[in-house]
Each structure stands twice: as structure tokens, then as C-alpha cells.
Amino acid sequence: MSSIMKNQYKYTVCIHCMTYNHEKYLTDALEGFVMQKTNFPFVAVVIDDFSTDGTADVLRKYEAQYPDIIKAIYLTENYHSQRKPKKPLLEPYDSQAKYIAICEGDDYWIDPYKLQKQVDILEANESLMLTCSNRRLVDMNGNTLEDCKAPLIPDKQSCRITMRDYFKYNTIYPTASVVYRNTHREEVSLKIKHMDNPFLGDWTMWIALHCFGDCYYIDEPLSAYRVNPTSVTHTQWVKDRVGRIKMEFDLQPRVADVLPEEYADIATDLRNTKWAYLPLAKAYYKNKQYVRMMGALIVYFVKNPRNIGHLFKKVCTKVLKKIKK
């Protein structure tokens, strides 16, 4: 018997799955859960946020077929629109789990050993707080658009990612690929609450977790991210790109507040609002506001002269990739 199974936890992993009007996609997510091959117990808590399509029917089918794995919660009002926290609903299961995994109802896992691989890494490295992986990009119908996302750290494959790496490379972890250690729960929650932002919930969560350890990146696709233009997050982002980025200028000092003392230099940079000018420039570019884009870029390079080489290399890599296609 695995040593994990001998400890005080009922579940080694608790999977968080939030779903809303995902009738066409939820089967893929649920199949990704039930196909996992592990030497430890895990549970998938699926919260239906008062869907108005057939999402609940799909969920009831799997709940009946896999009662030991699928634990469903059917809300009678939409929590997302009211910004009501779902954390209390998950607490009965989280309190019994050593690790937490995440997968939204329109994304899914593609490797039956995903959880086993990531738990093995976390068990072998106490200094790691979380793991993530490469991902596959798919369209609404599940057709592959891109088999592998570029490595999170340029020129590196599987590797350890520190807090400093996270900020240096403006890293974004594929949410459906993440498994994290369920420790420091109260401290993590307080940090996330202090950084509260409707657009950047995942980004701030990774920062809160990084305050207690590093991340290990697995350079192979273990999950699939569905490009869903009807999703709430995507719709809000496209509707007000610039407004979203400008919110980051308010967010950055609050991010600085939660960082441990050894990252005082990063906190100072954040309070100087240095790095947000780059995503602001991207937002202006998407909106075809090119003059404002150039203004934001100039400010970014004045404030971040050491990043010019890295950004130039990144742009060249993308241009060459398009040329090869």
C-alpha cells in the first residue's frame, strides 16, 4: 500500500471542477477524471453553478455511475454573477485531502497518469508547493489547434520555477494542469483575498502558493485548454481589454503586500508599476490603438531596460514560428 494512503487523509487529491452551461463539454472533463490511474484515492467535486442547459443532467449521470469519484453540488442560484465564494462548499472535501487539482468544466485531462505523475513529484520534493504542465490547445469541438504550448521558461524543458522566475518571465500556469499542496490554507486564502481581482484570480492564486514554495513544470501536455469565445472570462476580457489591464495598476501594490521579505526587490518593482505597461501595450494593440501602444511600450522599456533583450528574443521567436508555418 502506498505510504500516502496510510496517512490521515481520506483523499490524496481533491479535484475542483466549476461548471456552468457546459453541457457540450462536461463529458470530456468528467471522463478525464474517472480515467485517472493512481495508487491513491481521489475525489472530484463538481459544482454546477445553476446552469440553464443540460449540464446538470450530464453531471447526474456520472455521479450515479461513479459515486466514489464524482461528488456533485447543484447550486440553486448563480454564485459567479454575485461573486459569492464557493470555497465553503468545497471545505468538507478539501479538509480531507493532501493535494488539490483544478479543471474547469470546459477543459479536460488527456493523460490517464496525470495525477500520479504530479503527486509523485510533490511527494519526492517537500520544497515544491505546486506542479503544472504543458497543455494542448483545442477548439470548441475538441480539434487540436496546438499540440504543445511553448515551454514556460524560455530555452528550458521540465524544470523548477521559483517565485523570481514567475515574475521575470511573466509566467502563466495552465489552470487545468495545476496540482498544489493543500497546506498553509488559511494564509493562502488571506493572501488571495487581499489580491482580489475579477480578471486575475488564477494568477494571484499562483503567487499566493509561491509564497510557500516552488513550482515544478512538466514539459508534456497533460491537459487540454478549450478556446471558448463564449466563456464569461473571455467575453469580459475582449469587451474591456484596456480596463482589465488598468485594474492591474491597482492590483500590483496589493501583490507586493503579500510577498515574503526575501522578495522585497520584486515588491518595490510592483509598487513602481513597472511590468504592467507591457500587457497594457498588448491591450492597446488588440484594440488597434497603435499610438497609445507605442506610448505604453516606451514607458515599459524606460522602467525595465534589462528586459529589452528578453522581449526582443521572444518576439523574434514568434515571428520565426509564423514564417515557418
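## Accessibility at a salt-bridged pair

Glu126 is exposed, with a relative accessible area of 59%. The model described here is predicted. Arg181, by contrast, is buried at a relative accessible area of 7%. The side chains of Arg181 and Glu126 form a salt bridge, with an N to O distance of 3.8 Å. This pair joins distant parts of the chain: Arg181 belongs to strand β9 (residues 179–181), while Glu126 sits in the loop between α5 (114–124) and β6 (128–138), 55 residues apart.

## Further salt bridges

The count of salt bridges comes to 15. One of them pairs the side chains of Arg226 and Asp28, at 3.0 Å from N to O. Here too distant parts of the chain are linked, since Arg226 lies in strand β10 (residues 214–226) and Asp28 in helix α1 (residues 26–34), 198 residues apart. Arg226 is buried, its relative accessible area being 2%. Asp28 has a relative accessibility of 32% and therefore counts as partly exposed, the class that lies between the limits of 20% and 50%.

Within helix α4 (residues 87–94), Glu91 and Lys87 are four residues apart, about one turn of the helix. Their salt bridge has its closest N and O atoms 3.9 Å apart. Glu91 is partly exposed, at 29% relative accessibility, and Lys87 is also partly exposed, at 40%. A network of salt bridges links Lys87, Glu91 and Arg185.

## Helices α7 and α8

Two packed helices are described by the angle between their axes and the distance between the axes. For helix α7 (residues 185–194) and helix α8 (residues 201–210), the axes come within 9 Å and cross at roughly 140 degrees. The arrangement of α7 relative to α8 is therefore oblique. The crossing of these helices is right-handed.

On the α7 side, the contact involves Val188, Lys191 and Ile192, which meet Thr204, Met205, Ala208 and Leu209 of α8. Sorted by class, the residues in the contact of α7 with α8 are five nonpolar, one polar and one charged.

## Helices α8 and α10

Helix α8 also packs with α10, at an angle of about 20 degrees and with the axes 10 Å apart. Angles under 35 degrees count as roughly parallel, so α8 and α10 fall into that class. Their crossing is right-handed.

Trp203, Thr204 and Ile207 of α8 are in contact with Leu251, Val255 and Val258 of α10. The residues of this contact comprise five nonpolar, one polar and no charged.

## Helices α10 and α12

Helix α10 (residues 241–258) packs with helix α12 (residues 277–286) at an angle of about 170 degrees, the axes being 9 Å apart. Because angles over 145 degrees count as roughly antiparallel, α10 and α12 are roughly antiparallel to each other.

From α10, the residues in contact are Arg241, Val242, Ile245, Lys246, Glu248 and Phe249. Their counterparts in α12 are Tyr277, Pro279, Leu280, Ala283, Tyr284 and Lys286. By class, the contact of α10 with α12 has eight nonpolar, no polar and four charged residues.

Terms used: Residues numbered from 1 in each chain as written. Predicted model: local features only at pLDDT ≥ 70, side-chain atom pairs only at ≥ 80, totals over all residues. Heavy atoms only, no water. Axes fitted to C-alpha atoms, helices over the stretch in contact; angles between N-to-C directions. Helix = DSSP H or I, 4+ residues; strand = E, 2+ residues; numbered from the N terminus. Parallel < 35°, antiparallel > 145°, perpendicular 65-115°, else oblique. Left-handed = near helix turned anticlockwise from the far one by under 90°. Contact = heavy atoms within 4.5 Å. Nonpolar A, V, L, I, M, F, W, Y, C, P; charged D, E, K, R; others polar. Salt bridge = Lys/Arg side-chain N within 4 Å of Asp/Glu carboxyl O. Buried < 20%, exposed > 50% of the residue type's maximum accessible area, 1.4 Å probe, protein only.
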